[in-house]
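Q: Hi! Could you walk me through the charged pairs in this one, and then a helix?
A: Happy to, let's bring it up.

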Amino acid sequence: MKNIKLLILLLFTTVFASKAQSIEEFISNKASATCNCIENIDYIDSQADFELKLKSCAALSAKDSTRVLKQTTFNEYDNLLQSKLFENCTAIETKLTKLRESYLITNMESLYNTEKQYKNIEEGLLGSYGLSFGNRSPEGSPTLFLYHNNKYVIVSFGEVQTGTWRVVKEKYLHLNPNKTKYPFSVYGRYNPSIGDSTKTSFLGDRFSYRTLITYNKTTKSPVNLTPIFNKDANCFDFPYIHKTASVPQQISLAFNQSYEESEDQKITLYSFKNTTNFNDFIIFEYTRAENKMPIRVLIDGNKLVFGKRQITEKSALPKPGSENDSFIKEMSAINFTPKTMYYNFGYKEFKSEEINSKSYKYNKKLNNYKYKGKVPRTYEEETSDYHNFLQVNKYEMLQDVTQQQKQFKINKKSIIYTVCD
């Protein structure tokens, strides 16, 4: 009797060991086949595309599904398979590395240049797409507008992103945000009222202690750079203006993400040559915009798939001639780095068509434009510089730009210092 019990126990142990070995062997073989499938994938467009193709490579047949269920759960099987794949399948990391590299616009030029146009598909995509994905916001959900001429606008609370879009390989949509040629731009004018001194305004909220500047020549190494703001800057008071006693031959700017310096470290320095003897400058920074990545989307009929559970269906564009239509079209046509810009002394921007109309006349003595229309009764002489429209200055872009890698040192004192008590 004892021997029979031992025999039965041995039999059950052998059966379960065989089953365990069987499922392990099955997963190992499936992982190998899945890895080979991933290796042979010709093109991966986005993270969502990779997830779908990985799922397709790892899919089970009906027969294999039954086999798995007899020995374990699908959840446990998936965990074991993924563990095996990410442990032994180098093709996954290789494909993901290539995918990350492909997000550089320059790497896509060869594809774009050879890719044919899909006019019918593009025509079918024109429309608006809600991007809330079920997450409602009290400020309003972001919306994507795909317009004619392959222009797009994404409107969300307090922010607008513009760019160009195109269809790739019939089933992918690429949204490429507009970017400037350089992470900075410098505009200047000659200001007769300040003579041989210089005035520089830093517009926008992008500047920080990470943005570095020098008005001096950059031939020596390392070059001494000065932060725009102090590290713990607060209590900002627009506009941010810096004055110097001489007129620079060039203005050099850099952005130091880590804000560190060492003997071997180099930084990308952008030097804007002042070939026209300007002494009144406006500087813009676009480093945040430079970090905006292209958006890759899967096309599924009249739906766009941004990722798992991130699917949006097309709606009509705003009615032609409506306020929303005019706004979207105006945003899509904006040039963020025009050759000329117009600002008053309080650095409020004016449209060029307004200054070049009959309302303003060029004033040679002050080198600006003076309002010649009738001044409204409600206008007061004590009006702030920002709201003063009587004089407007024309600024021209400095277009002679050089880019170089330089060793550098960071000065302790910033251009602008502001701290609350």
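A: One term before we start: a salt bridge here is a side-chain nitrogen of Lys or Arg within 4 Å of a carboxyl oxygen of Asp or Glu. Keep in mind that this is a predicted model.

Q: Okay, how far apart are the closest N and O atoms of Glu330 and Lys351?
A: They are 3.8 Å apart, and the two residues form a salt bridge. Glu330 sits in helix α9 (residues 323-332) and Lys351 in the loop between β18 (349-350) and α10 (352-355), so this pair ties together parts 21 residues apart in sequence.

Q: How many salt bridges does a search of the whole structure find?
A: The count is 5. Among them is Lys53 with Asp49, at 3.2 Å from N to O. Those two are 4 residues apart in helix α2 (residues 47-57), which means about one helical turn separates them. Asp49 is buried, with a relative accessible area of 4%.

Q: And what does the side chain of Arg100 meet in a salt bridge?
A: That would be Glu93, at 2.8 Å from N to O. Glu93 is partly exposed, with 43% relative accessible area.

Q: Switching to the helix: which residues of α4 are buried?
A: Tyr77, Leu81 and Leu85. They cover an arc of only 60 degrees around the axis, so they lie on the same side of α4.

Q: What's exposed on the other side of α4?
A: Asn75, Phe86 and Glu87 are exposed there.

Terms used. Residues numbered from 1 in each chain as written. Predicted model: local features only at pLDDT ≥ 70, side-chain atom pairs only at ≥ 80, totals over all residues. Heavy atoms only, no water. Buried < 20%, exposed > 50% of the residue type's maximum accessible area, 1.4 Å probe, protein only. Arc of directions from axis to C-beta.
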